[in-house]
Amino acid sequence: MYLHERLANELQKRKESKNYRQLSVKSGLLDFTSNDYLGLAHNQELKDNIHNTDKELLNGSGGSRLLSGNTLQIEQTEAYLAQLFECESTLVFQSGYMANLALFSTLPQRGDTVLYDELSHACIKDGIRLSLATKYSFRHNDLDDLSQKLKKSSGQVFIAVESVYSMDGDHCSLKDLVALAGNYDAKIILDEAHATGLMGKHGGGLSMLLEQHTNILARVYTFGKAMGVHGAAIAGSSLLKEYLVNYARPFIYTTAPSPHAVSAIDESFRYLNRNIHLQTQISKKIQLFKELFKQKCDDKFTSTSSQHAIQALIVPGNENAIKTSIHLANKGFDVRPILSPTVKKGSERIRICLHTYNSSEDISRLIDSLADL
């Protein structure tokens, strides 16, 4: 009885603070909330390509990669991804969450130090918690603060950053970070989740756009966002892959991705590289949104300095953010509030995600609805 009361009391606290989470299905609204930036999750041609490729494959993998789950198909896909990402090897995972758990729970050892941006995703922080290394956060995108912590670090130092941060849509200062890390022989682990497919040669993210990919120990590519499918991969050296296969528990003790999931990854990158103009298309949508926002809403909202498909408008207070989201839903737009504690109290927001399939008219009407507030 005690456990039941405890759980109920904790949930009641969530409701009272206006940050109670619950599952919902919203239909009939224009999508300005999903991570399907390039529209690949909706793409019929890609769907047909995946279906035609995997018609004769098994339904499931049947076991972990080290038992019955390894196939020529998945090894060929990993080789293809390595070619695209210009690295020696890639290792496919079920999700970006599992890939980050694998890296951060395995690479840093006792006596090492992990320095991570304070706005790093939960999976990075969870992976770091599983490590025996010393760990410190540094202020978001603050290389001066990082530099001070580097001076105090011991052992092998790892720096964890994201190319694009999911709540603000801003980029890390990758070139400057690479230079700073080099002064301390620190190794960078870069999460390319919200840049995968959206930017860079072959969809290889910020690191390839800036030609810094050879200076990074490990890159995590996530396929459930702009690539429109599911799964993830770690890109790095052959030695790194061999080490993870031998020591990373989230890889060793989990069922391998299904053949269908592997086909979807392979076909989504082949489709993107035949249609790389989608990157330009989404860039135009972003610029249109920003221009219209500046004209009509600049005096109403504080926005983050994002050149990404993620556009965040600060609406302090959980209740205010929820009310703003409801207002937009009543106008026909699916835009979700981001509440504390997901973001810091006082920085609650509505998070607008732009897509190639959002028409210019849709974007203009969304801006007008914001201006009405």
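Lys and Arg count here as positive, Asp and Glu as negative; His and the chain ends are not counted. Each charge is placed at NZ of Lys, CZ of Arg, CG of Asp or CD of Glu. On that basis the protein has 41 positive and 41 negative side chains, and the centres of the two sets lie 5 Å apart.

This is a predicted model, in which local features need pLDDT of at least 70, side-chain atom pairs count only at pLDDT 80 or more, and totals for chains, interfaces and linings use all residues. Residues are numbered from 1 along each chain as its sequence is written, and side-chain values use heavy atoms, without hydrogens and water.

**Fold**

The protein has 15 helices and 13 strands (DSSP runs numbered from the N terminus: helices are H or I, at least four residues; strands are E, at least two). Of the 373 residues, 53% are buried (under 20% relative accessible area, 1.4 Å probe, protein chains only).

**Strand β13**

| Partner of β13 | Sense | Bridges |
|---|---|---|
| β10 (residues 310-314) | antiparallel | 5 bridges |
| β12 (residues 336-338) | antiparallel | 3 bridges |

Isoleucine 314 has arginine 349 of β13 as its bridge partner. Proline 337 stands opposite isoleucine 350 in β13.

Conventions. Buried < 20%, exposed > 50% of the residue type's maximum accessible area, 1.4 Å probe, protein only. Pairing = 2+ DSSP bridges.
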